[in-house]
Structure formats: C-alpha cells, structure tokens
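User: I am new to this structure. Please show me how to read its features, one at a time.

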Amino acid sequence: MSPEMHKTWEAACLSRQRSYSPYSHFAVGAALKIRNSDLSIGGCNVENASYGGTVCAERSAVFSAVSQGYQDFEFLIVVTDAEPPAVPCAFCLGVLAEFCPPDFPVHLANLAGVERSYRLDELLPHPFKLL
Ligand SMILES: [Zn+2]
C-alpha cells in the first residue's frame, strides 16, 4: 500500500470508529483522498430509528468533502470489519458517479488493509444521468 493510500485507509478506520450503528452493529468508515492535497476526508455510517434516514459512510464522506469545498477526488477507501470487505451500495455508487469519472478507484478494505480494488464503472456500469 502506498503511503498516501495508507494515510487514507487510516482516516477511513478512524471514521469507522465514529460510526453510529446501534441497529445494524455494522460499523463502516470511508475516506476520500482529495486530489492535489494531503487531505483525506472521512465519513461514517449514521443510522436512524427510522431506517430510511440512515446515511452510509461513503455518502457521509462525499457530503462532508463537498460541504468543505472539495469535489475533486483521487480515490475512495471503504473500511469494514468484514471478509470479504463490503461493496458500496447503489445509492452511494450513484452519488460517487455524480462527482467521479468512470475510472475512479474504489478500494475495499478491512482492519488489516486494502483487500480489493475496483474502478467505479465496474461497480456501477450504467449510472443514472439527468442530462
Ligand atoms: Zn451506501
């Protein structure tokens, strides 16, 4: 794992520790490496008693980054304590497709490190586009 990937993986692990997941007990962390920056911006899953109000870690990371003024991402790392590591849901893939090109790297990791890597268009080959 490259030093910048390791740093982003650590950010995703830290975000995972902040997961609010009292219902599923499935803690997820995600972190986006910001292009041309040392920054990695993380997010965690935030569940809600009304399940539909739940937001995944990947979307939390995207919304946090966009809220802080960043929309140009180099790659995403998603961390779970699962084997094989969890793949982002279709909602999150659609949100990623809003900001990221088809060849955007999505790295799936667990607490030992990155296990699998995909391009965004491998996980979501036909994203919804309004225009
Ligand atoms: Zn999701």
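User: Where is the place of His25?

Analyst: First, the ground rules. This is a predicted model, where local features need pLDDT of at least 70, side-chain atom pairs count only at pLDDT 80 or more, and totals for chains, interfaces and linings use all residues. Residues are numbered from 1 along each chain as its sequence is written, and side-chain values use heavy atoms, with hydrogens and water left out. Helices (H or I, at least four residues) and strands (E, at least two) are DSSP runs, numbered from the N terminus. His25 sits in the loop between α1 (3–17) and β1.

User: Is His25 buried or exposed?

Analyst: Burial is read from relative accessible area: buried is under 20%, exposed is over 50%, and partly exposed is in between (1.4 Å probe, protein chains only). His25 has a value of 65%, so it is exposed.

User: What is phi of His25?

Analyst: Start with the general idea. Most residues other than glycine have a negative phi, and most peptide bonds are trans. His25 is not a glycine, and its phi is positive, near 55°. Asn36 is another non-glycine residue with a positive phi, about 55°. Asn36 lies in the loop between β1 and β2. With 76% relative accessibility, Asn36 is exposed. Gly69, which follows α2, has a positive phi near 95°.

User: Which residues does a cis peptide bond join?

Analyst: Glu83 and Pro84 are joined by the cis bond, with omega about 0°. Pro84 belongs to the loop between β3 and α3.

User: At what angle do helix α2 and helix α3 pack?

Analyst: Axes are lines fitted to C-alpha atoms, for helices over the stretch in contact; angles run from 0 to 180 degrees between N-to-C directions. Here α2 (residues 57–67) and α3 (residues 90–99) pack at about 30°, and their axes are 9 Å apart. Therefore α2 is roughly parallel to α3. The cut-offs are these: under 35 degrees is roughly parallel, over 145 roughly antiparallel, 65 to 115 roughly perpendicular, and the rest oblique.

User: In which crossing does α2 pass α3, left-handed or right-handed?

Analyst: A crossing is left-handed if the near helix is turned anticlockwise from the far one by less than a right angle, and right-handed if clockwise. The crossing of α2 and α3 is left-handed.

User: Which residues meet in α2 and α3?

Analyst: Contact means heavy atoms within 4.5 Å. From α2 come Glu58, Arg59, Val62, Phe63 and Val66; from α3 come Phe91, Cys92, Val95, Leu96 and Phe99. This contact of α2 with α3 has 8 nonpolar residues, no polar ones and 2 charged ones. Ala, Val, Leu, Ile, Met, Phe, Trp, Tyr, Cys and Pro count as nonpolar, Asp, Glu, Lys and Arg as charged, and the others, Gly among them, as polar. An α-helix has 3.6 residues a turn, so residues three or four places apart point the same way.

User: Which are the buried residues of α3?

Analyst: They are Cys92, Leu93, Val95, Leu96 and Ala97. These buried residues pack against β1 (29–34), α2, β3 (73–79) and α4 (120–123). Ala90, also in α3, is exposed at 57% relative accessibility.

User: Which are the buried residues of α2?

Analyst: Ala57, Glu58, Arg59, Ser60, Ala61, Val62 and Ala65 are buried in α2. Their cover includes β1, β2 (40–44), β3 and α3.

User: How many disulfides does the count come to?

Analyst: A disulfide is a pair of cysteine sulfur atoms within 2.5 Å. The count is 0. Cys44 is in none, and the nearest cysteine sulfur, that of Cys56, lies 11 Å away. Cys44 belongs to strand β2 and is buried, at 14% relative accessible area. Beyond neighbours within four places in sequence, its contacts include Val28, Cys56 and Ser60.

User: What is Asp72 in contact with?

Analyst: Setting aside neighbours within four places in sequence, Asp72 contacts Lys33, Ile34 and Arg35. Asp72 is in the loop between α2 and β3. At 41% relative accessible area, Asp72 is partly exposed. Its C-alpha atom is 6.2 Å from that of Ile34, 38 residues apart along the chain.
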